Amino acid sequence: MYDVIVVGARCAGSPTAMLLARKGYRVLLVDRATFPSDTISTHIVWPPGVARLERWGLLPQVAASNCPSFERVSFDFGDFALAGVPPPVNGTRQSFAPRRTRLDTILVAAAVAAGAELRDRFAVQELVADDGRVAGIRGHGEAGGTVVERAHLVVGADGVHSIVARDVEATAYDAKPPLACWYYTYWSGIAVEGVEYYSRPHRAFGIVPTNDGLTCIPIGWTRAEFAEYRSDIEGNYLRTLDLAPTLAERVRGGRREERFYGTADVPNYFRKPYGPGWALVGDAGYHKDPITAQGITDAFHGAELLVDAIDEGLSGRRSLEEALADYQRRRDEALRPMYDFTCQLAALEPPPPDLQELFGALRGNQAETDRFFGALTGTVAIPEFFSGAGSN
Ligand SMILES: Cc1cc2nc3c(=O)[nH]c(=O)nc-3n(C[C@H](O)[C@H](O)[C@H](O)COP(=O)(O)OP(=O)(O)OC[C@H]3O[C@@H](n4cnc5c(N)ncnc54)[C@H](O)[C@@H]3O)c2cc1C
């Protein structure tokens, strides 16, 4: 019998298991994948996520993975571009964009080092319930036989298609269908200083410096155009880059090193993240389009909030139900403004006139431009930026 079983061992699951194990709980961490392994995701971890890696003692390993840090962010709107450095969070200005093969492996190893028991190549098939309360998991490892494991709480950190969320019929709210679709690949030989965003009508693309001297370049189209995009991925990808000619020239001077990776599976939703014997964290409980690159950082934040709640409940300081209700409230309060902002950007429509006016007013005002990048990356609260923008 475990205190907690965590299903899914990437950005949400491993930190949850690690933090619980560090508090002395008996944790089983399962994943059908093995590590290192990749997943569909680009890689930006903005300063609020980096500050958590630092707090957890894992930043030196990320930095040692041959992954450059960066501070500068730019946003090219077509007519003009802004560039700046987001204000720091907890003294951290750096961002990193480690490949998931590296980052997730570091996170899994940290959970194991903290004392969590890892069972990889283990697929959960369904939850086990006692008297209407989730009491464990049923699944199978590589050897094939069905195994049942029991715990006081089962945490679903198992992504968008969470089997935990499905089995408990977790209610979704404020959901929006996918707005954009994304393809990305890796290039060598491109000089980069930081993350570059490009916005064009119905298109968005970016430049992301990642491990081993490679640059990840994701390109987004509207979801409605996914079939057309997919019919000629390379051609459409390169033609989209041509909308920013200087960038296109830089990219054509480099070399594509890998195949294209892509998805249109980017829904936007909140799910109720707890119930009797279960909780959800990361994409399993909340998801939005990756255009603002917040999912990894959100998963880290969610893990911290959830572990605080579980600890309060399992230690008897508070009822678990009450503590988990508070987890939902704190999660939603923290995420709501970025959720709305992200859905607005992911529609890939020209910004409304008031936003265009605001972006225009930022030109020549470096302090406010830096705060804009703080809002985009999560180091400045979005309501704080939009209520005070232009006042400096
Ligand atoms: C195209 C794209 C680009 C992105 N770019 C960024 C970015 O730059 N920055 C950023 O912060 N975020 C980005 N994101 C979002 C980010 O990838 C996710 O928010 C993040 O991966 C969430 O982590 P997670 O641990 O919740 O879920 P996941 O990473 O999906 O991990 C879930 C794990 O659960 C396991 N699992 C699932 N079902 C079972 C089962 N039945 N049994 C056992 N194991 C199971 C899976 O094997 C997997 O390992 C991007 C997403 C996409 C699609």
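View 1. A nitrogen atom of the ligand lies 2.9 Å from a backbone N or O atom of Ile44, in a structure that is a predicted model. The ligand, taken alone, exposes 1,000 Å², of which the protein buries 92%.

**View 2. The shell of residues around the ligand.** The ligand is surrounded by 29 residues, the closest being Asp31, Ser41, Thr42, Asp283 and Ile296. By residue class, the shell comprises 13 nonpolar, 10 polar and 6 charged residues. Two or more residues of the shell come from each of the elements β8 (123-130) and α9 (295-314), and α9 makes the greatest contribution, with 3 residues.

**View 3. An open sheet of 3 strands.** The strands follow the order β11-β18-β21 and pair in antiparallel fashion. Because β11 (172-176) and β21 (286-287) stand at the edges and each has a single partner strand, one side of each is left without a neighbour in the sheet.

**View 4. The pairing of β11 with β18.** Strand β11 runs antiparallel to β18 (residues 268-271), and the two are joined by 3 bridges. Which residue of β18 is the bridge partner of Lys176? The partner of Lys176 in this strand is Asn268.

Note on methods
Residues are numbered from 1 along each chain as its sequence is written. This is a predicted model: local features need pLDDT of at least 70, side-chain atom pairs count only at pLDDT 80 or more; totals for chains, interfaces and linings use all residues. Side-chain values use heavy atoms; hydrogens and water are left out. A residue is near a molecule or strand if one of its heavy atoms lies within 4 Å of it. A polar contact is a pair of N or O atoms within 3.5 Å; within protein, one must be able to donate a hydrogen and the other to accept it, and residues adjacent in sequence count only if both atoms are side-chain atoms. Accessible areas come from the Shrake-Rupley method with a 1.4 Å probe; for residues, only the protein chains shown count as cover. Helices (H or I, at least four residues) and strands (E, at least two) are DSSP runs, numbered from the N terminus. Ala, Val, Leu, Ile, Met, Phe, Trp, Tyr, Cys and Pro count as nonpolar, Asp, Glu, Lys and Arg as charged, and the others, Gly among them, as polar. Two strands pair if DSSP finds at least two bridges between them.
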